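Subject: Structure handover

Dear colleague,

Please find the structure below. My notes on it follow.

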Amino acid sequence: MSSRRNFIKQSFIAAAAIGTLNSLEAKGLTVVPSKGKANKFPIVISTWDFGIAANKAAWEVLSTGGKALDAVEQGVRVPEADLKNMTVGKGGYPDRDGHVTLDACIMDADGNCGAVAGMEKIGHPISVARLVMEKTPHVMLVGEGALQFALENGFEEENLLTPEGEKAWKEWLKEKKYKPVVNIENKSFAAERLPGNQYNHDTIGMLALDAKGNISGACTTSGMAFKMHGRVGDSPIIGAGLYVDNEVGGATSTGVGEEVIRNVGSFLVVELMRQGYSPEDACKEAVMRIVKKKPAIAKEIQVGFLAINKKGEYGAFALQEGFSYAVCDSKQQDLLIKGKHYY
Ligand code: SD4
């Protein structure tokens with residue numbers, strides 16, 4: 001079948017499915033997902049190898065009938081608390097001035113969302129982001145204001161710069177060259193290709209579909225190591241680093257955030273799924289926007305997208321080889337998948 005015909009067919013199927021749901025809801029009926037073969041949930045997926053441990057914590061919530069929102073918050077708190085993880089939460093590498101600044105956002109099935117950016121001294125930015133969503137009329141708090149809000153809500157100030165982080169920063173200061181390295185998130189890939197590398201960027205993006213078929217997502221990071229003080233990437237920006245539309249699916253991203261923001265990446269992936277694209281094809285198309293607009297830059301950097309649709313089908317696509325993501329459902333709790341890639 002030609003790709004155009006295929007596209008039209010997929011769009012028709014997607015439109016018909018959404019139309020059915022809408023008409024049932026319009027009649028005042030609660031739409032409960034059928035137990036048919038197509039429904040593969042609960043399920044949780046997340047970026048990079050460390051997603052396995054994070055998914056396990058999310059699974060404890062999902063497998064006992066818990067909500068996707070609670071699952072993603074609990075899940076990403078695992079890498080946030082991991083001192084060996086040099087770019088999420090406590091232990092994250094600092095910016096070029098030696099400050100560890102954290103970014104995070106969360107979005108639920110009702111379209112509610114919250115975010116913090118450039119927040120210092122609080123090790124679990126995802127939980128602050130959730131409170132921004134639940135307790136304020138705003139979506140995002142940044143810097144000092146985010147810290148103030150966290151402290152007012154019982155979070156404790158702590159030193160996020162570990163001795164390892166400080167050592168790496170001092171090493172970096174010798175040359176002061178800001179150059180994000182592709183796939184440093186993937187420890188085995190990095191160890192093989194980049195021995196002793198000091199440049200680091202990781203992010204965990206997580207998407208969960210709970211037993212009721214509701215989707216939520218979370219994304220948390222310390223951003224690009226040795227970034228300019230005040231720099232914010234895609235990760236805390238709704239639509240860029242994360243987007244959820246409970247009618248369609250959810251998406252999250254990892255890699256060089258500037259390119260994701262320029263293309264409103266995660267929103268784009270969800271909208272493509274709305275048009276009938278599979279999660280993997282939607283992620284691929286979003287990656288191709290970056291390639292088309294900036295072919296020279298695209299060769300040098302990593303950007304990866306991860307997505308899930310309402311049926312629990314998932315997929316990913318990255319610019320470069322080496323992107324991995326973890327999947328956890330009732331069949332397997334520690335599946336790690338090598339993401340497809342363009343270069
Ligand atoms: C950022 N997207 O701050 C994040 C970094 C990241 O894998 O995802 N690294 O731009």
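W48 counts as buried, with a relative accessibility of 0% (buried means under 20% relative accessible area, exposed over 50%, partly exposed in between, with a 1.4 Å probe and protein chains only). W48 sits in the loop between β1 and α2, and its phi is near 65°, a positive value in a residue other than glycine. Helices (H or I, at least four residues) and strands (E, at least two) are DSSP runs numbered from the N terminus.

This is a predicted model, in which local features need pLDDT of at least 70 and side-chain atom pairs count only at pLDDT 80 or more, while totals for chains, interfaces and linings use all residues. Residues are numbered from 1 along each chain as its sequence is written, and side-chain values use heavy atoms, with hydrogens and water left out.

Two further backbone points. V264 also has a positive phi, about 45°, although it is not a glycine; V264 lies in the loop between α8 (257-262) and α9 and counts as partly exposed at 41% relative accessibility. A cis peptide bond joins F41 and P42, with omega about 15°, and P42 is in the loop between α1 (3-26) and β1.

Next, the sheets. An open sheet of 8 strands runs in the order β4-β3-β2-β6-β5-β1-β11-β12, with mixed pairing (two strands pair if DSSP finds at least two bridges between them). Its edge strands, β4 (140-142) and β12 (335-338), each pair on one side only. Strands β2 (residues 102-107) and β3 (residues 113-119) pair in the antiparallel sense over 5 bridges, and A104 stands opposite V116 in β3. Helix α2 (residues 51-62) packs on this sheet, touching β1 (43-47), β5 (204-209), β11 (324-329) and β12, and its direction makes about 155° with that of β1. Contact means heavy atoms within 4.5 Å; axes are lines fitted to C-alpha atoms, for helices over the stretch in contact, and angles run from 0 to 180 degrees between N-to-C directions. Helix α4 (residues 125-135) lies across β2, β3, β4 and β6 (215-221), at about 135° to β3.

An open sheet of 5 strands, also mixed in pairing, has the order β7-β8-β9-β10-β13. The edge strands here are β7 (242-245) and β13 (340-341). Strands β8 (residues 249-255) and β9 (residues 303-309) are antiparallel over 7 bridges, with T252 opposite L306 in β9. Helix α9 (residues 265-274) lies across β7, β8 and β9, running at about 145° to β8.

Regards
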